[in-house]
Amino acid sequence: MRIIKLDATDSTNAYLKNAMLSEVLDDFTIVVAREQLKGRGQMGTKWQSDPGKNLTFSVLKKFSGLHISAQFLLNVAVSLAVYKTLKTLQIPDLSIKWPNDILSGYSKICGILIENILLNQNIQAAVIGIGLNVNQQSFKDLPNATSIKLLTGKTIALDEVLRILVANLQEIFVAYEGLKVGDVKETYGQLLFRKDKPSTFRDHRDTMFMGFIRGISDKGKLIIELENKIMKEFDSKELQLLY
């Protein structure tokens with residue numbers, strides 16, 4: 001396992017993808033940056049992180065014959081690895097806000113951005129970007145953000161968190177070799193934020209509605225129970241959970 005440490009870069013995902021163009025990188029090559037100048041989250045959002053306070057890194061995971069239809073299982077596996085790491089660090093009230101934000105209570109502590117490299121209908125590799133709030137204590141204009149330091153009162157070494165998280169990532173990819181749906185989807189579904197609770201959503205037409213999160217489909221869509229017990233599936237571009 002090779003770890004590339006940078007003082008600053010626009011994006012660890014972008015750095016890793018550019019490096020792949022000029023050299024052959026080993027599986028589980030990691031790029032970690034003290035500061036991300038243009039870090040991104042899901043749907044093009046900006047990831048806010050004070051320099052040297054948080055863990056911002058990307059991992060290259062290579063695959064052989066993983067069909068594109070299983071790409072959501074990458075989100076599931078990575079989310080579960082982060083969840084296990086934070087559980088080990090005794091972070092309370094953890095859940096996964098679909099598709100792959102990790103929350104403590106109602107506050108976001110970690111975001112995940114996975115970019116897949118495709119060949120025909122198969123995923124050759126995935127660049128897994130993780131932003132985990134560790135020692136930052138103030139989040140300007142982000143009232144729903146938190147960190148390990150805010151939740152535990154303890155300052156923790158970033159290298160130690162990285163070590164635990166990478167070990168959990170490696171373990172989960174071995175445990176779910178081939179990334180079969182099975183138990184991994186069931187485990188993820190049980191950890192979903194607001195599962196089985198009345199929740200408010202906004203769809204892509206800007207229409208608000210009520211429903212209950214019941215789980216995820218085999219294709220990674222969120223299953224919501226609407227009025228009259230109607231079950232409907234949504235993908236991440238069609239829906240926003242408003243709490």
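Tutor: A nonpolar core is a set of buried Ala, Val, Leu, Ile, Met, Phe, Trp, Tyr and Cys residues joined through side-chain atoms within 4.5 Å, where buried means under 20% relative accessible area (1.4 Å probe, protein chains only). This is a predicted model, so local features need pLDDT of at least 70 and side-chain atom pairs 80 or more, while totals for chains, interfaces and linings use all residues. Residues are numbered from 1 along each chain, and side-chain values use heavy atoms, without hydrogens and water.

Student: Okay! How many residues has the largest nonpolar core?

Tutor: It has 61 residues, and Phe57, Ile130 and Phe173 have the most contacts inside it.

Student: And which residues is Phe57 in contact with?

Tutor: Contact means heavy atoms within 4.5 Å. Leaving aside neighbours within four places in sequence, the partners of Phe57 include Ile30, Ile128 and Leu165.

Student: New topic: how many aromatic pairs are there?

Tutor: The count is five. Rings of Phe, Tyr and Trp (its six-membered ring) pair if their centres lie within 6.5 Å; planes under 30 degrees apart are stacked, over 60 edge-to-face, and the rest tilted.

Student: Why is the pair of Phe28 and Phe173 edge-to-face?

Tutor: Because their planes are at 75°, with the ring centres 6.4 Å apart. Both Phe28 and Phe173 are buried.

Student: What about Phe209 and Phe234?

Tutor: Their planes are at 20° and their centres 5.7 Å apart, so that pair is stacked.

Student: Last one: is Thr29 buried or exposed?

Tutor: Thr29 is buried, with a relative accessible area of 0%. Among the residues that Thr29 touches are Arg2, Leu16 and Val59.

Technical notes: Buried means under 20% relative accessible area, exposed over 50%, partly exposed in between (1.4 Å probe, protein chains only).
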